[in-house]
Amino acid sequence: MRYILAFIWRYKYFFLFLALEIASIALIINKSYYQQSVITNATDGFTGGIYNTWSDISSYFKLKKENERLANENARLWQKLTDSQLTTDTATRRVKDTLYGQQYTYTVAKVISNSTTLRNNYIMLNKGRRHGIVRDMAVFNPNGIVGTVVSVSDNFSWVMSMLNQHTKLSARINRLNQMGTIVWNGGSPAIGTLLDIPAHVKIKKGDTISTSGFSHIFPEGIMAGTVEKIYVESGDHFYTIDFRFSADLNSLQYVYVVKNLLREEEIDLSKNVVNE
Amino acid sequence: MNSTYGKDILRFFVLIALQVLLLDHVNLGGYINPSLYVFFILLLPFEVPGWVLLISAFLIGLGVDIFSNSTGLNAAASVFMAYIRPWVVRRAGAPADYEGNLKPGIADMGFRWFLLYSLILIFAHQLVLSLLDAFRFAEIGMISIRLLLSTLFTLSLVIIAEYLFMRRRK
């Protein structure tokens, strides 16, 4: 026993080093969403408060760009209003529209912390449970997709950025209606990868990619990006398509958080089928 | 005790704030992220006890982690860097006229000594950081480029910071 103690004492710094490294690596490996939400809750008030103040200050420097973005979006929404469409039908009748109920609701949130340099990047928003944010809500900005909510505390929420190795999002090439999966292979924060498009379809550089709505999270038709590079890995029957994200994930300021009101129903239905 | 470590404690908090509020938002070329906070570990006095060195490195890493939601990543890298520091100090050459009051820095040890010392330690730190972050050997090319550039960028910042806050010798 005495020898063991003496041995440990002799290499005490090495054992301390080992203990601290094991603690750190345990933290990295065991970072489940649950744990993350516990950490978010515990450090919420402190880090969130600091980030809030900081983003209040720094957002002043981006006001001009943000205004432009909003003005553009307003213009686009004006176009969709029925008022700006020509009425060709002169008869008026009222239809009680039960076909188009509301499926998605939108909340505006501000990005208060963001990273793009890591392999797994996360974004923090200044809205949380209290504002109706829950897990698995989609996040996008006027330019395109941004990420998915993975953990929520009372006042804040963490969003898994598109720039994350766990990102997997169903999307399609608009011109051809071909379905694929968006992932991020690391490297440049401006470039994402679209997989699973069969190699026989003819894709062109510049084709636009948007969400398919099959994920139960994102509404259909939210812009993802434009095709940049198309190639087939050797031995593969599917394209690997590098595309440029339409949203600049490094300059996010305000984002929309989308709730799919019918998500439970969609998932329940698919569960029934799988279980049979 | 206080007078010895007062500056280091101040540096600890200032560097965490600088790292999470400013430097974590700096991305040169998309994915080069400088980690200036290791400046704290570089500048701890030579005679600092081993356990203080290791635990303070763990704490500053964890501090940065909490803010950037990368739990454990920076802590692991800093602890590794702190652990090899005494070895690097010996390798880089112990101070020739050791009077017990020298500090690791350009003022006391000279530019070449400090450059070599920082280069090795920052490289070790970035190596652990990028390996743990990616953890996939398929991306080895990307990792090495990022490792190299991040090391050089952090090193330049450390040298600049060292010149800015250098203790003038009489």
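Trainee: Which way does α3(B) pass α4(B), in a right-handed or a left-handed crossing?
Mentor: The crossing of α3(B) over α4(B) is right-handed, and please keep in mind throughout that this is a predicted model.

Trainee: At what angle do the axes of α3(B) and α4(B) cross?
Mentor: They cross at roughly 155°, with the axes coming within 7 Å. Because that angle is over 145 degrees, α3(B) and α4(B) count as roughly antiparallel to each other.

Trainee: And which residues make the contact?
Mentor: From α3(B) the contact includes B:L53, B:L54, B:A57 and B:F58, and from α4(B) it includes B:L73, B:V79, B:M81 and B:Y83. Sorted by class, the contact of α3(B) with α4(B) has 14 nonpolar, three polar and two charged residues.

Trainee: Switching to the two chains, how many residues of chain B are in contact with chain A?
Mentor: There are 28 residues of chain B in contact with 27 residues of chain A. On the side of chain B that touches chain A, at least two residues each come from α3 (50–68), α4 (73–91) and α6 (111–134).

Trainee: Which helix gives the most to that side?
Mentor: That is α3(B), which gives seven residues to the side of chain B that touches chain A. Taken by class, this side of chain B has 16 nonpolar, nine polar and three charged residues.

Trainee: What about α4(B), how does it sit against α2(A)?
Mentor: Helix α2 of chain A covers residues 12–29, and its axis comes within 8 Å of the axis of α4(B), the two crossing at roughly 160°. That makes α2(A) roughly antiparallel to α4(B), and the crossing of these two helices is left-handed.

Trainee: Who's touching whom there?
Mentor: On α2(A) the residues are A:F17, A:L20, A:E21, A:S24, A:I25 and A:I28, while α4(B) brings B:L73, B:A75, B:A76, B:V79, B:F80 and B:Y83. By class, this contact between α2(A) and α4(B) has ten nonpolar residues, one polar and one charged.

Trainee: New topic: what do the six strands in chain A close into?
Mentor: They close into a barrel, in the order β6-β7-β8-β11-β10-β9, and the pairing is antiparallel. On average, neighbouring strands of this sheet are turned by 40° against each other, if direction is ignored.

Trainee: How many bridges join β7 to β8?
Mentor: Three bridges join β7 (residues 178–183) to β8 (residues 191–198) in chain A, and these strands run antiparallel.

Note on methods: Residues are numbered from 1 along each chain as its sequence is written. Chains are lettered from A and ligands numbered from 1 in the order in which they are written. This is a predicted model: local features need pLDDT of at least 70, side-chain atom pairs count only at pLDDT 80 or more; totals for chains, interfaces and linings use all residues. Two residues are in contact if their C-beta atoms, placed from the backbone, lie within 7 Å. Helices (H or I, at least four residues) and strands (E, at least two) are DSSP runs, numbered from the N terminus. Ala, Val, Leu, Ile, Met, Phe, Trp, Tyr, Cys and Pro count as nonpolar, Asp, Glu, Lys and Arg as charged, and the others, Gly among them, as polar. Axes are lines fitted to C-alpha atoms, for helices over the stretch in contact, and angles run from 0 to 180 degrees between N-to-C directions. Angles under 35 degrees count as roughly parallel, over 145 as roughly antiparallel, 65 to 115 as roughly perpendicular and the rest as oblique. A crossing is left-handed if the near helix is turned anticlockwise from the far one by less than a right angle, and right-handed if clockwise. Two strands pair if DSSP finds at least two bridges between them.
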